Amino acid sequence: MMRQYELVERVQRYKPDVNEALLNKAYVYAMQKHGHQRRASGDPYFSHPLEVAAILTDMHMDEATIAVALLHDTIEDTTATRQEIDELFGADLGKLVEGLTKLKKLDLVSKKAEQAENLRKLLLAISEDVRVLLVKLADRLHNMRTLDHVPEAKRLRIAEETMDIYAPLAGRMGMQGMREELEELAFRYINPEAYRTVTARLADTFERNRGVIGEIEQSLSELFAKYKLNAVVKSRQKKPWSVFRKMEAKALSFEQLSDIFGFRVVVDTLEDCYRALGAIHTTWSMVPGRFKDYISTPKQNDYRSIHTTIVGPSRQRIELQIRTREMNKVAEYGVAAHTIYKDTGGKTNGAAHTISKDTNAYAWLRRTIEALAEGDNPEDFLENTKLELFQDQVFCFTPKGRLIALPRGATPIDFAYAVHTDVGDTCVGAKVNGRIMPLMTELKNGDEVEIITSKAQVPPAAWESVVVTGKARSAIRRATKNAIRKQYSGLGIRILERTFERGGKTFSKESLKPVLHRLARKDIEDVLASVGRGELASTDVMKAVYPDFKDERITQAPKAREEGWFNLRNAAGMLFQLPGRSSSRKSRKEAKEAAKEQQRDGAVPIKGVRGDLPVRFAPEGAVPGDRIVGIMQPGSGITIYPIQSPSLTAFDDQPERWIDVRWDIDEDTKERFPARISVTAINAPGSLADIAQVVASNDANIHTLSMIRTAPDFTEMLIDLEVWDLKHLNRLLSQLKDNSSVSEARRVNG
């Protein structure tokens with residue numbers, strides 16, 4: 001176990017003016033508090049915070065961060081308190097230690113909501129002070145290094161948590177070295193057989209190619225010496241997890257991999273990067289499509305480097321990375337490389353260290369924090385954040401040259417939402433490199449994307465399954481919810497207007513404000529939407545606004561069906577007469593007059609499933625020209641039934657669910673409506689084709705078809721059709737009856 005003076009010396013090597021008193025005090029305090037506690041390995045518990053501190057010294061962190069590492073488990077696992085730490089080490093360090101305590105258990109495989117809330121806290125804490133992340137990652141790294149001592153039942157959970165959250169988070173913050181080690185350790189426990197196989201193959205490959213690797217390093221070094229470039233050339237081998245992931249993603253065998261080995265060229269200045277590139281490309285041929293300049297367009301985690309692949313000595317493909325020493329430091333340590341030390345005269349216990357927030361990594365973090373404020377539920381937030389963490393990137397441009405970084409697989413819809421949420425919500429089309437392309441087009445590096453918008457657009461819910469960015473997915477889900485809520489709210493207004501009118505009152509939104517508490521709703525829109533969804537009865541709203549109002553017509557149940565007539569009462573209290581199965585006893589004139597009355601009396605207008613109300617049709621369907629009635633389905637809007645449907649008997653004792661509705665079809669609207677028919681056909685070859693031909697020739701559409709009874713001579717079919725209106729349906733039935741293959745054709749109602 002590292003001694004007190006050894007820890008101080010480690011920090012002094014890179015920070016000679018170290019605050020020794022702070023480190024000594026934190027060391028002694030943590031050691032005393034952890035006392036005789038033991039880890040699963042049997043080692044003194046204090047060895048863990050000490051190793052976490054040692055990892056941070058390798059990253060050249062300041063004494064304040066090292067002190068936090070020493071103290072990070074004291075509040076969680078000992079008798080230490082926040083107040084005590086504030087008094088001894090200052091409020092800044094106390095806040096960090098308490099923040100780490102609250103985030104100590106991030107359980108990936110427990111309840112998703114709980115895990116998501118912990119992730120929210122972690123990201124919020126990191127946004128305030130990145131030292132939270134650095135200590136957290138160092139803590140996780142040491143735990144992964146000692147995972148063998150953890151009970152077997154917990155190992156897989158911890159390894160999966162590391163692979164899903166901590167490793168990609170380290171990568172997003174630019175800490176590639178930390179990410180690679182965490183991934184390798186997690187891979188070892190998640191898929192031990194694959195880990196052993198890949199590791200063995202890599203070791204064997206390295207031994208077989210040791211000589212070739214040395215020759216390539218020498219050839220590159222001689223080339224740079226010729227061009228008088230001070231460059232360090234070092235070979236690098238892909239990590240086991242990186243190899244395995246590529247083999248799985250591209251369905252490749254180990255032998256098919258051509259980039260197991262690569263070479264890193266580190267030079268002094270940015271200009272030297274491009275001089276080195278020129279020397280390489282004028283000496284050896286470049287592999288087309290394998291050049292990326294992350295210096296001119298850095299990755300979101302601030303990674304900068306030039307990548308190229310050449311056909312080098314001995315005609316081998318060689319991957320090269322060219323960067324400066326400063327770029328190499330950022331590539332290795334990410335945000336930790338942006339450390340800034342302030343001269344405070346040695347009079348502070350923790351404020352001497354800050355990390356620049358003017359980085360791409362922090363820009364990503366800020367966008368993620370903005371998503372937190374959008375109000376996604378915890379599971380959505382977790383899903384979207386993990387999507388963002390795992391994605392590699394492509395770089396696209398707006399017509400004005402603005403650079404937009406997106407995950408691989410992103411579409412113009414993702415691009416639109418990356419520009420602005422309003423642009424995404426109103427997107428109706430896109431031009432990619434000047435050509436109109438489908439919105440599902442996968443974008444590539446360098447694409448110029450122009451988004452076409454329309455204020456009349458509402459993002460379809462289906463977009464959610466197409467986009468790959470968390471921001472787009474959250475915005476689409478939110479817009480869909482708002483659109484549905486608007487539909488229910490509109491329906492609620494119409495229902496309440498009818499209810500109040502039948503009660504001799506006038507409805508207004510303002511009348512709901514004073515009674516929100518009685519209705520247990522937070523705002524007026526919530527009341528309207530609840531009525532529209534059928535969760536709140538319109539009569540209850542009426543009674544809340546007018547407590548003394550009484551009208552039996554509003555609550556009277558519908559009368560039983562009488563011969564030839566239904567006496568039906570809707571939720572708004574409207575009584576009307578509707579013809580039933582024996583309506584032939586009444587004249588057509590009377591039926592027409594009843595229909596006109598229904599049209600005049602303000603029934604809710606139904607435009608179809610594409611209208612502005614949450615409407616669906618009963619299984620037997622309904623078409624314009626039918627007398628119809630609506631039944632409120634709690635949580636899903638109105639279901640439309642033809643008035644002759646026997647299914648309506650199930651709702652006779654539920655008057656509050658009946659909604660008076662009427663057709664409101666624009667002649668220019670091109671929408672078919674559902675209807676169900678039964679066809680009895682002669683059981684002979686070609687009969688089904690004849691029926692389909694009649695349907696097609698009448699401009700109708702078969703949605704589903706099922707054989708419900710087959711006899712030697714006849715087959716009875718149930719067909720769900722889509723037709724324009726009642727006249728269209730009757731014409732179709734007439735032609736089916738006239739067909740020689742059909743014995744009977746009739747409409748099915750329920």
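## Helices α21 and α24

Helix α21 (residues 470-502) and helix α24 (residues 538-545) cross at roughly 60°, and their axes come within 9 Å. Axes here are lines fitted to C-alpha atoms, for helices over the stretch in contact, and angles run from 0 to 180 degrees between N-to-C directions. Helices are DSSP runs (H or I, at least four residues), numbered from the N terminus. So α21 is oblique to α24. Angles under 35 degrees count as roughly parallel, over 145 as roughly antiparallel, 65 to 115 as roughly perpendicular and the rest as oblique.

This crossing is right-handed: the near helix is turned clockwise from the far one by less than a right angle. From α21, Ile495, Leu496, Thr499 and Phe500 meet Ser538, Val541, Met542 and Val545 of α24. Contact means heavy atoms within 4.5 Å. The α21–α24 contact has 6 nonpolar, 2 polar and no charged residues. Ala, Val, Leu, Ile, Met, Phe, Trp, Tyr, Cys and Pro count as nonpolar, Asp, Glu, Lys and Arg as charged, and the others, Gly among them, as polar.

## About the model

This is a predicted model: local features need pLDDT of at least 70, side-chain atom pairs count only at pLDDT 80 or more, and totals for chains, interfaces and linings use all residues. Residues are numbered from 1 along each chain as its sequence is written, and side-chain values use heavy atoms, leaving out hydrogens and water.

## Helices α3 and α4

Helix α3 (residues 47-58) packs with helix α4 (residues 63-71) at an angle of about 160°. Their axes are 7 Å apart. The angle makes α3 roughly antiparallel to α4. α3 passes α4 in a right-handed crossing.

On α3, the contact uses Pro49, Leu50, Val52, Ala53, Leu56 and Thr57. On α4, it uses Thr65, Ile66, Ala69 and Leu70. By class, this contact of α3 with α4 has 8 nonpolar, 2 polar and no charged residues.

Terms used
Helix = DSSP H or I, 4+ residues; strand = E, 2+ residues; numbered from the N terminus.
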